[in-house]
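Hi,

Here is the structure I promised to pass on. Have a look at it first, and my notes follow below.

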Amino acid sequence: MSEIPRFDRSSSATEIVEAFRTAGCAMIERLVDPEVVDRVRAEMDPYIAATPTGGDDFSGRHTTRTGALLARSRSSIDMVANPLVLEVAESVLSPYASSFQLHLTQIIAIGPGSPEQPLHRDQWCFDFFPFPEDMDVEVSTIWALDDFTEENGATRIIPGSMLDPKEACADVHRTLPATMPKGSVVLYSGRTIHGGGANRSDKVRHALNVDYVLGWLRQEENQYLSCPPEVARTLPDRVQKLAGYALGAYALGYVDDVRNPRDFLAGVSGKSSFGGDTMGDAHYGGASFSSPNDPR
Ligand SMILES: O=C(O)CCC(=O)C(=O)O
């Protein structure tokens with residue numbers, strides 16, 4: 001596998017998914033306009049400035065990671081809930097669950113002088129659980145908030161590495177830089193080997209990392225604390241659901257007396273039920289996955 005497949009905003013989810021399944025990654029160039037990125041940066045820059053750098057080589061000693069995008073940056077919705085990205089994530093994840101959800105939102109700012117991040121698979125966050133090797137539990141995305149170059153630390157990916165042994169994480173020479181203009185996004189599987197690049201420039205490299213996981217897995221960024229109910233209530237309905245304010249499966253994620261999180265947010269009581277006829281809410285945008293686990 002010699003390259004990261006490239007698409008643009010006119011591409012269909014079907015063709016992107018087809019390439020993603022083969023390469024374990026795909027790039028969509030200029031998916032949002034630079035003005036969207038500028039708005040997100042304006043909303044997030046005070047938080048980025050106040051974020052401490054990482055405490056180890058993996059998180060990056062010259063790197064900051066600033067989260068809670070849904071609560072802090074209304075403009076980030078154009079990226080976090082981007083319809084084309086969600087369509088791809090839904091296609092990839094739908095064989096394994098009746099819903100998917102947001103996993104994390106994080107601006108990764110790699111400072112000048114940072115070495116390459118150790119290569120890894122994102123699904124190792126699940127305590128290194130050995131999922132079946134052909135199963136996708138996570139779709140990760142990195143949005144370029146600056147032009148990504150090899151010099152400033154563009155994310156490095158080994159295309160086609162989904163089934164490689166973990167020792168392949170030493171194969172730095174096989175990585176390719178996801179060079180792309182600001183406003184572009186690169187998607188990769190939780191199984192794909194990748195890492196942040198070394199920043200050999202004199203400027204910080206900013207990315208927005210947004211990941212999606214199956215509805216029955218724990219979220220890496222605790223959305224109920226990062227985006228608590230009083231904030232979630234102000235978000236569009238579809239974004240509330242994506243954040244996790246929805247049933248993740250028939251009986252997953254209910255509130256108090258078996259209330260659907262949707263009813264909790266809306267202040268509705270007296271409708272106690274597991275999935276039942278509200279199960280459609282567990283699906284992003286009401287879309288229906290054909291899962292053997294779907295009790296409807
Ligand atoms: O910053 C990047 O380009 C990638 C970061 C990454 O893969 C991670 O922190 O898990």
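**What I found**

G183 counts as buried, because it has 23 C-beta neighbours inside 10 Å (buried means 20 or more other C-beta atoms within 10 Å of a residue's own, exposed 12 or fewer, partly exposed in between, with C-beta atoms placed from the backbone). Before going on, note that this is a predicted model: local features need pLDDT of at least 70, side-chain atom pairs count only at pLDDT 80 or more, and totals for chains, interfaces and linings use all residues. Residues are numbered from 1 along each chain as its sequence is written.

You'll find G183 in the loop between β7 (176–177) and β8; helices (H or I, at least four residues) and strands (E, at least two) are DSSP runs, numbered from the N terminus. Leaving out residues up to four places away in sequence, G183 touches R30, L31, V32, D33, P34, V36, V37 and A144, where contact means C-beta atoms, placed from the backbone, within 7 Å.

Now for helix α1 (residues 13–23): its buried residues are I16, A19, F20 and A23. Seen down the axis of α1, these fall within an arc of 105 degrees, so they line one face of the helix (the arc is that of the directions from the helix axis to the C-beta atoms). Their cover includes β1 (6–8), β2 (25–29), α5 (83–93) and β8 (185–189). After α1 comes G24, with a positive phi near 75 degrees.

One more contact list: L187 touches, among others, F20, C25, A26 and V139, again not counting residues up to four places away in sequence.

Cheers

Conventions: Two residues are in contact if their C-beta atoms, placed from the backbone, lie within 7 Å.
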